[in-house]
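Here are a few exercises to work through with the viewer open. Try each task before reading its solution.

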Amino acid sequence: MHTGGEPLRIIPRLEAAERAAAAGLSLLSLRREVAAGQDHVRRALMHEPRGHGGMYGALVVRGGAAAEGAHLAVLFLHCAGYSAMCGHAVMALGRFALDYGLVPEPARPETAVRLRCPCGPVTAFVPWDGRRSGNPVRFHSVPAFAAATDLAIDVPGRGKVVVDIAYGGTFYAFLSAEQLGLDVCSSSTRDLVSAASAVTEAVKKQFKLHHPESEDLAFLYGTILTDGKDAFSEEPTTNICVFADEQVDRSPTGSGVTARIALQYHKGLIQLDQTRTFRSSTTGSLFTGKAVKEAKFGSYNAVIVEVSGEAFYTGTATFTVEEEDPLKHGFFFK
């Protein structure tokens with residue numbers, strides 16, 4: 001599938017993961033277990049020759065791991081490892097769950113699909129006409145919050161910049177591309193990626209993140225460069241997300257929109273139920289987002305954010321791994 005141009009390769013089952021989940025592992029523990037013992041699956045399906053440098057995946061886990069009222073649990077995969085949250089994947093998985101019978105007796109005109117993600121419970125709201133799912137899909141994620149604002153960071157070779165850090169299921173650094181002498185709409189993607197990656201590395205070294213529930217989630221996933229248009233407007237605001245190992249999101253980034261809405265609400269730039277539109281600088285695809293209610297997350301003042309977008313099917317694939325193939329588990333080239 002894809003959501004806003006960002007691919008999602010869905011793995012409906014992995015028996016080793018389901019056995020581990022049945023043994024009572026938490027989803028974060030399961031993520032560590034899969035990374036340690038089944039990482040060849042991720043590499044084979046994300047990396048070349050079956051995947052590419054921008055591939056993204058979701059491993060669906062049913063049974064015990066999807067307990068606590070959820071229809072399914074999910075691990076998120078990318079070219080460098082595993083994520084805690086992925087909004088574009090949640091929207092696609094919402095449709096997938098209905099169309100492939102993971103939700104008993106879906107309701108018309110819209111069904112709530114409950115997912116367990118490494119960051120916590122997430123609910124997708126999916127149109128359903130009685131036969132198949134539709135668009136747009138919206139989701140409510142875990143509470144989102146501003147972790148730091150107006151943080152001065154020294155980026156080697158690029159000077160001092162001021163960033164905000166926010167959490168939308170995973171942590172991102174935010175700043176306008178203009179601070180780096182770039183334009184998010186017209187600069188080359190290579191220059192934007194290089195600059196964003198430098199910011200990510202600098203923030204990791206100069207600022208310690210804290211997550212209210214688990215230090216496993218206290219990591220900076222990437223940097224989102226924006227057009228600087230943070231004040232409320234009916235016009236779209238454009239951004240590009242560079243995450244993991246210089247991977248570029250083709251969509252406006254669901255968890256990034258969640259975090260950016262939380263930032264704008266924290267700064268008093270938007271109110272509850274004011275909808276903003278976010279555009280991907282890579283594909284032009286659009287997501288919308290709005291803060292729907294206030295919440296507390298540990299000591300943080302947080303908000304529940306609703307993100308909406310469109311997810312589409314692209315095909316069904318069967319892959320072969322031949323034991324004698326020296327590149328059977330893929331290779332990463334960028």
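The exercises below concern a predicted model, and each one comes with a worked solution.

**Exercise 1. Classify the ring pair formed by tyrosine 167 and phenylalanine 171.**

Start with the total: the ring-pair rule gives twelve aromatic pairs. For tyrosine 167 and phenylalanine 171, the ring centres lie 4.7 Å apart, and the planes make an angle of 50°. Now use the cut-offs: pairs count as stacked under 30 degrees and as edge-to-face over 60, with the rest tilted. The 50° angle therefore makes this pair tilted.

**Exercise 2. Find which residues ring pairs link into a cluster, then find what sits over the ring of phenylalanine 125.**

Follow the ring pairs and you get a cluster made up of Tyr56, Tyr172, Phe174, Phe219, Tyr221 and Phe243. Next, go to phenylalanine 125: the charged end of arginine 138 sits over its ring, 4.3 Å from the centre.

**Exercise 3. Work out how helix α1 packs, and describe how its axis lies relative to that of α2.**

Step one is to pick out the buried residues of α1, which spans residues 15-22: Ala16, Ala17, Glu18, Ala20 and Ala21. Step two, look for what they pack against, and you find α2 (27-37) and β4 (56-61). On the α2 side, Ala17, Ala20 and Ala21 of α1 meet Leu30, Glu33 and Val34.

Step three is the axes. Those of α1 and α2 come within 10 Å and cross at roughly 140°. Angles over 145 would count as roughly antiparallel, and 65 to 115 as roughly perpendicular. That's why α1 and α2 come out as oblique to each other. The crossing of α1 past α2 is right-handed. Finally, check what follows α1: glycine 24, with a positive phi near 95°.

**Exercise 4. Decide whether serine 141 is buried or exposed, and list what it touches.**

First, locate serine 141: look in the loop between β9 (137-140) and β10 (145-155). Its relative accessibility is 5%, so serine 141 counts as buried. Then leave out residues up to four places away in sequence, and serine 141 touches Met85, Pro121, Val122, Gly168, Thr258, Ile304 and Val305. One more distance to check is the one to glycine 169: serine 141 is 28 residues away from it in sequence, yet their C-alpha atoms are 7.0 Å apart.

Definitions and conventions
Residues numbered from 1 in each chain as written. Predicted model: local features only at pLDDT ≥ 70, side-chain atom pairs only at ≥ 80, totals over all residues. Heavy atoms only, no water. Phe/Tyr/Trp six-rings, centres within 6.5 Å; stacked < 30°, edge-to-face > 60°. Lys NZ or Arg CZ within 6 Å of the ring centre and 35° of its normal. Buried < 20%, exposed > 50% of the residue type's maximum accessible area, 1.4 Å probe, protein only. Helix = DSSP H or I, 4+ residues; strand = E, 2+ residues; numbered from the N terminus. Contact = heavy atoms within 4.5 Å. Axes fitted to C-alpha atoms, helices over the stretch in contact; angles between N-to-C directions. Parallel < 35°, antiparallel > 145°, perpendicular 65-115°, else oblique. Left-handed = near helix turned anticlockwise from the far one by under 90°.
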